[in-house]
Amino acid sequence: MATIVTDTEKHDQKNPDALDTTVGLTRDEVADTLKVDEWGYDIVKALVSADDDPTEPVFTFRFWFLGTLLGTFAGALGQLYTFKPQTVAVSSLMLSVFGYVGGMFLSKVLPTGILNPGRFTKKELALIVICASTGAKGVASTLIIGAKDLYFNQKYSYFDAIILVLTTQFIGYGAVGLFRTILVYPRRAFYPTALSGVSLFETLFAADLNDKAFKLFWMATAGLFFWTFLPQYIAPTLIGISVFCLSNQNSPLFTQLFGGVNNNEGLGIGSISLDWNNIGDDGLIFPWVTQVNQMAGMIGCVTVIPILYYSDVWKAKSFPFMAQGLYQANGKKYNQTRILSNDALDEAKYAAYGQPYYSTSWAFNTMMQNMSVTAGIVHVALWHGKDIIAGVKAVFAKKADGIQTIQEGELAEVDDSYHLTSVHPEVPLWWYGALMIVSLGLGFYICVKDDSLPWWAFLLTVFIALIFIIVSGLLAAFTGFSPPFKTFLQLIGGFLLPGRPIANMYFTTFGGNTIWEAVAMCTDLKIGQYMKIPPRAVFAAQMYGGFIGALIHWVLNHIILDTKRDILLDPNGDNNWSGQNIIGFNSKAITFGTLAPKLLAAGGTYEWLSYAFIVGIFIPIPFWLGHKYFPKVGFNYVNTAILSWFFCYFTVGVNSGWLSRIVLGFVFQLYLRKYKSAWFNKHTYILAAGLSAGTQLSVFVMSFAFQGAGGVTIDFPFWALNPDPETGVFSDYCTRKK
C-alpha cells in the first residue's frame with residue numbers, strides 16, 4: 001500500500017517554528033477558519049492539499065501521450081494565432097480541461113498495466129499541462145524570423161531557425177536554477193496567477209465528486225462557454241455598455257472619454273462590460289494590495305491622458321487620440337523605409353524626410369513603462385535586498401541534506417508543499433548550469449552566423465536579463481505583476497547599437513524573452529511544488545515541451561511565411577491572416593534601434609521618455625522611508641512599479657472592462673475575503689478557473705468556426721446589439737467621427 005506523507009510527519013522536530021494551527025487539517029477545514037490578509041499568500045493553505053503519496057507515478061504512458069499531443073496542439077495554436085487578426089492566448093486552463101478529459105478517458109479504456117498504472121492523478125494532469133503550455137512558448141523568436149524574411153529578405157536555414165527558437169527559450173530556463181531559493185521555495189513566493197490552475201487540479205481530483213467546488217467549476221465553464229458567444233459574436237455591444245455614448249452618438253469627445261469596445265477607441269470611463277474575455281479574472285485572484293495599486297494607477301491614467309491631449313503636449317492634437325504608429329509632423333503616416341539604406345539609417349534621407357512622431361498617449365505609455373522598470377528594480381532592492389543576498393548565499397551553501405534554502409529574512413520560511421516535495425531528489429544546480437552554457441554557446445553561434453549582434457552586446461543583454469529575472473520574478477511571485485522590461489531593453493539596445501534595427505531585435509529578444517521564460521518556468525516549478533511533483537520530472541517536462549514547441553513553431557512559421565507573404569506584408573491583412581505582430585515588432589526595432597539617440601536623448605523631442613528611468617529610481621524611496629519611520633501608516637502597501645505601469649494602462653487596446661474589474665475586486669478581494677472568508681477561501685479561485693476556462697474554450701471554438709482562424713469568416717447579421725459600422729458608430733454606439 002502507498003505511503004502517505006503528511007505535513008505533520010514532514011515538519012516533525014526539524015522546524016518547530018514553522019508549525020501552525022492548520023497542520024493536519026483538510027483543505028475544507030482550513031478554509032472554514034482561515035482569514036487571508038491583504039497580501040494574499042495564506043490562501044495557499046486553503047487551496048493546496050496537505051497530504052501526498054510520493055509513490056504515485058508521473059512518467060506514465062498517459063503523460064507522454066497527452067503531453068506530446070497537447071504540446072503539439074498548443075505549439076501549433078500559439079504560432080497560428082501569431083498570424084491571425086484576433087489576438088488569443090493559448091490558455092493553460094483550456095489545456096487542463098482537455099488533459100483531464102483525455103486522462104480520464106485513457107484510464108478507463110487502456111488495459112491495466114504499463115499503459116495504465118491505475119487511476120489518473122492530479123500530478124499527471126499538472127505535468128501534462130506544464131509540458132503542453134511550455135510547447136506554446138517560443139513565439140518571440142519567430143518574430144525575428146518573420147521580420148527578417150518579410151522586410152529584409154533574409155531567410156534562415158532550417159537548422160539555424162530551430163536553434164534560434166530553442167536558444168531564446170533555454171537561456172531563461174538555465175537561469176532559473178540560480179534563483180530557485182529566492183523565487184520558488186519560499187512560502188511568500190506564491191504566484192497569484194497560478195492559483196486558479198492549482199485550485200482546478202485539486203478540485204478535479206477531490207475525493208467527493210459531488211463537492212460544491214467541483215460542480216461550481218463545471219457550471220461556470222459551461223455557462224461562460226455559451227454566454228461568451230453573445231458579446232464576442234452575436235451582441236458585441238455587451239463588450240462595453242456606455243450610457244454616455246448611448247445618450248450622445250455624435251461627440252468625438254465622448255468617444256475618447258467613454259468609448260472602449262474597439263481597439264484604440266477610447267478610455268472606457270464608466271463603461272460596463274459583460275464580457276469575461278474583456279474583464280478577466282484579475283479582480284478575483286490578485287491580492288487586494290496589488291489591486292489597490294492598480295486601481296490608483298487606472299484612475300490616474302484616465303485623468304492624465306485627456307489633460308495631456310487637450311493641453312497639446314508633444315503636439316498631441318496633430319495625431320490620433322490613441323495610436324501606436326509613427327507619424328509625420330502633419331499627422332500623416334510615417335514611411336520608415338524612406339530613411340533606411342542597406343538595413344541601416346541613412347542620415348541624408350532622414351534629414352530630407354524628417355523625424356517621426358508618436359501619438360501623445362503612446363509616448364506617455366512608453367514613458368510610464370520606463371518609469372515602472374526602474375521603480376520595480378529599486379522597490380525590490382529596498383524591500384527585499386537582504387533576502388536576495390541571503391538567497392545568493394544559499395545557492396552556493398553546502399548542506400548535509402543537499403537542500404539549499406534561505407536561512408534568514410522574509411524568504412526563509414518555506415511552505416508545506418516544499419517539505420513534502422523534498423522527499424524527491426532536487427534538480428542539481430549543474431543541470432541548469434550545463435543548460436545555460438549550451439544555450440549561451442548556441443546564442444554565440446547565432447550571433448556569429450548572422451553577424452548582426454556583437455558578442456559583447458549578446459552577453460550584456462543576457463547579464464541584464466539575469467538581474468531583471470530577480471526583480472520580475474519577485475514581483476510576479478508576490479503580487480502577480482511583472483514590469484515590462486521589453487521597452488527598456490529596446491531603448492538600451494538603441495543607444496548602444498544606433499542605426500541597427502536587426503541588432504536591436506536580437507538584443508531585445510535575447511534579453512526580454514530570457515526574463516519572460518524564466519519567470520514562466522519559476523511559475524511552473526511552483527505549481528509542481530504545490531502538486532508535490534518530483535522536481536526532476538518538472539524539469540524534464542519543461543525541456544520536452546520546449547523541444548516539441550520549437551519544432552512546431554518553426555514548421556508552421558516557415559509554411560505561413562511562404563504561402564501568405566503578400567497578405568502578411570499588407571498592414572490591414574485580411575479577415576483570416578494578419579502580419580500585425582511582425583509589423584509591430586519590426587516598427588519598434590526601426591524606431592528604437594535606429595532613432596533612439598535622435599528622439600530620446602537629451603534635447604530630443606521625447607527626452608522625457610529617457611528621463612523617466614531616472615525618475616523611477618527615486619519614487620519608491622519616500623514610501624520606503626515613510627514605512628521605516630511610520631510603520632503603521634501603510635506606506636508598505638504602495639508599489640510604485642505597479643502604479644507607474646497602470647498610469648499608462650489605457651493607452652492601447654479595448655478599454656471597456658476596467659470598471660467591471662474594479663467592482664469585482666471590491667466584491668471578492670475586499671468584502672468576501674474579509675466578511676465571508678469561508679466562501680471566499682473555498683470558491684473564489686475555482687470560480688475564476690471555471691469562468692476563464694469556459695470563456696477561452698468559447699473563444700477558441702468561435703475563432704475557428706466563425707472568425708477566420710479556420711480559414712472561413714462568417715459575420716453575424718447586424719442588429720441593435722451588433723450595429724453596422726457603416727452607420728458611423730462603434731459597437732457601443734460611440735461615434736467613429738474624429
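How are α18 and α21 oriented to each other? In this predicted model, local features need pLDDT of at least 70 and side-chain atom pairs count only at pLDDT 80 or more, while totals for chains, interfaces and linings use all residues. Residues are numbered from 1 along each chain as its sequence is written, and side-chain values use heavy atoms, with hydrogens and water left out.

Helix α18 (residues 360–395) packs against helix α21 (residues 455–479) at an angle of about 85°, their axes lying 10 Å apart, where axes are lines fitted to C-alpha atoms over the stretch in contact and angles run from 0 to 180 degrees between N-to-C directions. The two helices are therefore roughly perpendicular to each other, a term that covers angles of 65 to 115 degrees. Among the residues that meet are His379 and His384 in α18 and Phe468 and Phe478 in α21, contact meaning heavy atoms within 4.5 Å. The residues of this contact divide into 9 nonpolar, 3 polar and no charged, with Gly counted as polar.

A second pair is formed by helix α22 (residues 485–496) and α23, which pack at an angle of about 145° with axes 9 Å apart. Here Phe485, Lys486 and Leu489 are among the residues of α22 that meet α23, whose side includes Asn504, Phe507 and Ile515.

Leaving aside neighbours within four places in sequence, Gly528 is in contact with Ile130, Ile533 and Val538. The C-alpha atoms of Gly528 and Thr421 are separated by 8.8 Å, although these residues are 107 residues apart along the chain.

Notes
Helices (H or I, at least four residues) and strands (E, at least two) are DSSP runs, numbered from the N terminus. Angles under 35 degrees count as roughly parallel, over 145 as roughly antiparallel, 65 to 115 as roughly perpendicular and the rest as oblique.
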